Amino acid sequence: MAKRVLVLCGNGVATSTVASKKIQDYMASSGIRCEVVQAKIGELASYADKVDVIVLMALGASLPAGVNKPLIKGLPFMTGIGLQQTLDEIKQHLV
């Protein structure tokens, strides 16, 4: 069964697309079956129970109370700083 990663950003398009591609490529090269779902932050409630990890691209945003999924800050996908560690952290939650 494939694991699922939810990538949230303000509009569910621009920054989440960059992160999604990098996550998909890294997990595929690591032999991990992974589905990456992109969504707007406002759509979190629709996905929270259906994913294994949440990547949050919006600076300063946080998850609402009651969402008990691992949260990964997505800034490294935009800056490149700490990207490998971030990908490794996501991977640890999926294996």
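A search of the whole structure turns up two salt bridges, a salt bridge being a side-chain nitrogen of Lys or Arg within 4 Å of a carboxyl oxygen of Asp or Glu. The structure is a predicted model, where local features need pLDDT of at least 70, side-chain atom pairs count only at pLDDT 80 or more, and totals for chains, interfaces and linings use all residues. Residues are numbered from 1 along each chain as its sequence is written, and side-chain values use heavy atoms, with hydrogens and water left out.

One of the two bridges joins the side chains of glutamate 35 and arginine 4, at 3.2 Å from N to O. Glutamate 35 sits in strand β2 and arginine 4 in strand β1, so this pair ties together parts that lie 31 residues apart in sequence. (Strands are DSSP runs of E with at least two residues, helices are runs of H or I with at least four, and both are numbered from the N terminus.) Glutamate 35 comes out as partly exposed at 39% relative accessibility, and arginine 4 is partly exposed too, with a relative accessible area of 21%. Here buried means under 20% relative accessible area, exposed means over 50%, and partly exposed is in between, with a 1.4 Å probe and protein chains only. Leaving aside neighbours within four places in sequence, glutamate 35 is in contact with Lys3, Arg4 and Val5, where contact means heavy atoms within 4.5 Å. The C-alpha atoms of glutamate 35 and lysine 3 are 6.1 Å apart, although 32 residues separate the two along the chain.

The side chains of lysine 21 and aspartate 25 also meet in a salt bridge, at 3.0 Å from N to O. These two are four residues apart in helix α1, which puts about one helical turn between lysine 21 and aspartate 25. Both ends are partly exposed: lysine 21 has a relative accessible area of 49%, and aspartate 25 is at 40% relative accessibility. Opposite charges on side chains can pair when the charged atoms come close.

Helix α1 also carries serine 20, which is buried, with a relative accessible area of 2%. Beyond its neighbours within four places in sequence, serine 20 is in contact with Val7, Val36 and Gln38. Between the C-alpha atoms of serine 20 and leucine 6, 14 residues apart along the chain, the separation is 8.7 Å. Valine 18 is in helix α1 as well, which spans residues 14-29, but this residue is partly exposed at 32% relative accessibility. Together with Leu59, Leu75 and Met78, Val18 makes a nonpolar surface patch of about 370 Å². Patches are built from residues with over 30% relative accessible area and no salt bridge; like charges are joined within 9 Å, and nonpolar side chains (Val, Leu, Ile, Met, Phe, Trp, Tyr) within 5 Å.

The largest nonpolar core has 19 residues, of which Val5, Ile23, Val55, Phe77 and Ile90 touch the most other members. Two or more residues each come from β1 (3-9), α1, β2 (34-40), β3 (53-56) and α4 (83-94). A nonpolar core is a set of buried Ala, Val, Leu, Ile, Met, Phe, Trp, Tyr and Cys residues joined through side-chain atoms within 4.5 Å. With neighbours within four places in sequence set aside, valine 55 is in contact with Val5, Leu6, Val7, Leu8, Ile23, Ile72, Gly74, Phe77 and Ile90. In soluble globular proteins, nonpolar side chains tend to be buried together.

As for the overall fold, the protein has four helices and four strands, running β-α-β-α-β-β-α-α from the N terminus on. The radius of gyration is 12 Å, close to the 12 Å that the globule rule gives for 95 residues, so the protein is as compact as a globular protein of that length. That radius is taken over C-alpha atoms, and the rule is 2.2 Å times the number of residues to the power 0.38. Along the principal axes, the C-alpha atoms fill a box of roughly 30 × 30 × 20 Å. Of the 95 residues, 39% count as buried. Among contacts with a separation of 6 or more, 57% come from residues 24 or more positions apart. The accessible surface is about 5,300 Å², with 53% of this belonging to carbon and sulfur atoms; accessible areas come from the Shrake-Rupley method with a 1.4 Å probe, and for residues, only the protein chains shown count as cover.
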